[in-house]
Amino acid sequence: MRLSVQHKTEYRYPEPVHSNANELRLIPRTSKRQKLVSNMVTVIPATRLKHYEDLNQNLVHYFEVQRPHNKLDINCQIVVETFARVDYASLPYGFSHSDLGRCQKMEDCHPYLQDSSLVEITPEAWRQALDCKGDSEDVFQTAYAIMEYIFNEFSYQSSTTSVTTHANTVLLNKTGVCQDFAHAMIAMCRSIKIPARYVSGYFYDSTRGAGLRGSEASHAWVEVYIDGHGWIGLDPTNNKVVDETYIILATGRDYKDVTPVKGSYIGTQYSYMSISVSVDKVE
C-alpha cells in the first residue's frame, strides 16, 4: 500500500520571538515494514535543516531561526510504501511468559522494561495487567487481552489530558486519547515483564473517521516484543493489530522520546499552535 501524508504545524506569537530551536521527528525510516518513497520538509521563516539519528535510531531534523518572527510554519510531506506486517492466519502465539527472562538480557528490549518519564511500573498497573492475563501463559495472548481491556474499559475523550499526562493518571481515571492509551498499555505490559515501547505515526482510515479513532492527527500505539517475531504493533485506541495501513514515524520509551515537533524560543510566554494531518491512499 502506498500512502501520502501531509503534516502542517503552525505557531503564532503575539510578539516577535527569536532563537527558535526545534527538533522534528516527522520523517519515517525505511525498514522491512515500510519504504520511504519521497519526503519534503519546509520551514518558514526559511532556515537550514540539519539531521541526525537519536538514541532510538529515529531520524531527527533540527533547525534554528535566530531573527525575530511572529510566526513559524512547518510543513512535512511524505510518501511511504507499506507492507503487510502480520499474517492474521498465524498471529505470533507460542512465546511463553516463562521465557520472558531472556528479554531482560537483550539490549534491544532492556530499555522497554524500565520506568520512563511518563510510564511507571506500579502495583496498580501490575494488578490490572494480571487481571487481563488471567490463566494465560502466552505473551501475545496477554498483550492482546490488555489491548482489548483498554479499548473496552477506557473512555476516549479529548481535552481531558495533555501530552505530559502520566500513565498512572490514565490508569486511575481510564480516560484520554491515543497517547494516553499507549502509555497505559505500556505500563501494564512492563509491569509483568513484557517489553513494550511507544510508537508515533499515522494510519490510513478508509472510513474517514466513521469507524476508527485518531486518524485526524498523529497517532500513537504500542509495540510488544515477541521472541521469534520481533516487535508487534497493537493499537489500544482501535483494538487492532497494526497492519499495512499504519506508518511508523518513531519509537521510544514514551511520548517524550518521539515528540513529532519539540522546541523552545526566547520571547513571549504565549503562543498559538495548530496542527493538521491528512493521510491518503495513492492509487
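## Close-up views of a predicted model

**View 1. Helix α1 crosses helix α4.** The axes of α1 (residues 123–133) and α4 (residues 178–191) come within 8 Å and cross at roughly 80°. An angle from 65 to 115 degrees counts as roughly perpendicular, so α1 and α4 are roughly perpendicular to each other. On the α1 side, look for A125, W126, Q128, A129 and C132; on the α4 side, look for A187, M188 and S191. Sort the residues of this contact by class and you get six nonpolar, two polar and no charged. Keep in mind as you go through these views that the model is predicted.

**View 2. Helix α1 also packs against helix α2.** Two packed helices are described by the angle between their axes and the distance between the axes. For α1 and α2, the angle is about 110° and the axes are 8 Å apart. That makes α1 and α2 roughly perpendicular to each other, because of that angle. Here α1 passes α2 in a right-handed crossing. Which residues meet in this view? From α1 come Q128, A129, C132 and K133, and from α2 come T142, A145, I146 and Y149. Their contact has five nonpolar, two polar and one charged residues.

**View 3. Helix α2 meets helix α4.** This time the helices pack at an angle of about 140°, and their axes are 10 Å apart. With that angle, α2 is oblique to α4. The crossing of α2 and α4 is right-handed. To find the contact, pick out A143, I146, M147, Y149 and I150 of α2, then F181, A184, M185, M188 and C189 of α4.

View 4. Strands of a sheet pair through backbone hydrogen bonds, either parallel or antiparallel. In this sheet the pairing is antiparallel, and the strands follow the order β11-β10-β9-β8-β12. At the edges sit β11 (240–241) and β12 (246–252), each pairing on one side only. Helix α2 (residues 139–153) packs on the sheet, where it touches β9 (219–226), β10 (230–235) and β11. The direction of α2 makes about 25° with that of β10.

**View 5. Strand β8 pairs with strand β12.** Zoom in on one pair from the sheet: β8 (residues 196–203) and β12 run antiparallel and are joined over six bridges. What is the bridge partner of F203 in β12? That partner is Y246.

**View 6. R29 and E53 form a salt bridge.** Side chains of opposite charge can pair when their charged atoms come close. The structure holds 14 salt bridges, and in the one shown here the side chains of R29 and E53 meet at 2.9 Å, N to O. This pair links distant parts of the chain, with the two residues 24 residues apart. Look for R29 in the loop between β1 (2–24) and β2 (34–44), and for E53 in strand β3 (residues 50–53).

View 7. Most residues other than glycine have a negative phi, and most peptide bonds are trans. Where does the chain have a cis peptide bond? A cis bond joins I44 and P45, with omega about 5°. P45 lies in the loop between β2 and β3. Next, find S19 in strand β1. Phi of S19 is near 55°, a positive value in a residue other than glycine.

Technical notes: Residues are numbered from 1 along each chain as its sequence is written. This is a predicted model: local features need pLDDT of at least 70, side-chain atom pairs count only at pLDDT 80 or more; totals for chains, interfaces and linings use all residues. Side-chain values use heavy atoms; hydrogens and water are left out. Two strands pair if DSSP finds at least two bridges between them. Helices (H or I, at least four residues) and strands (E, at least two) are DSSP runs, numbered from the N terminus. Contact means heavy atoms within 4.5 Å. Axes are lines fitted to C-alpha atoms, for helices over the stretch in contact, and angles run from 0 to 180 degrees between N-to-C directions. Angles under 35 degrees count as roughly parallel, over 145 as roughly antiparallel, 65 to 115 as roughly perpendicular and the rest as oblique. Ala, Val, Leu, Ile, Met, Phe, Trp, Tyr, Cys and Pro count as nonpolar, Asp, Glu, Lys and Arg as charged, and the others, Gly among them, as polar. A crossing is left-handed if the near helix is turned anticlockwise from the far one by less than a right angle, and right-handed if clockwise. A salt bridge is a side-chain nitrogen of Lys or Arg within 4 Å of a carboxyl oxygen of Asp or Glu.
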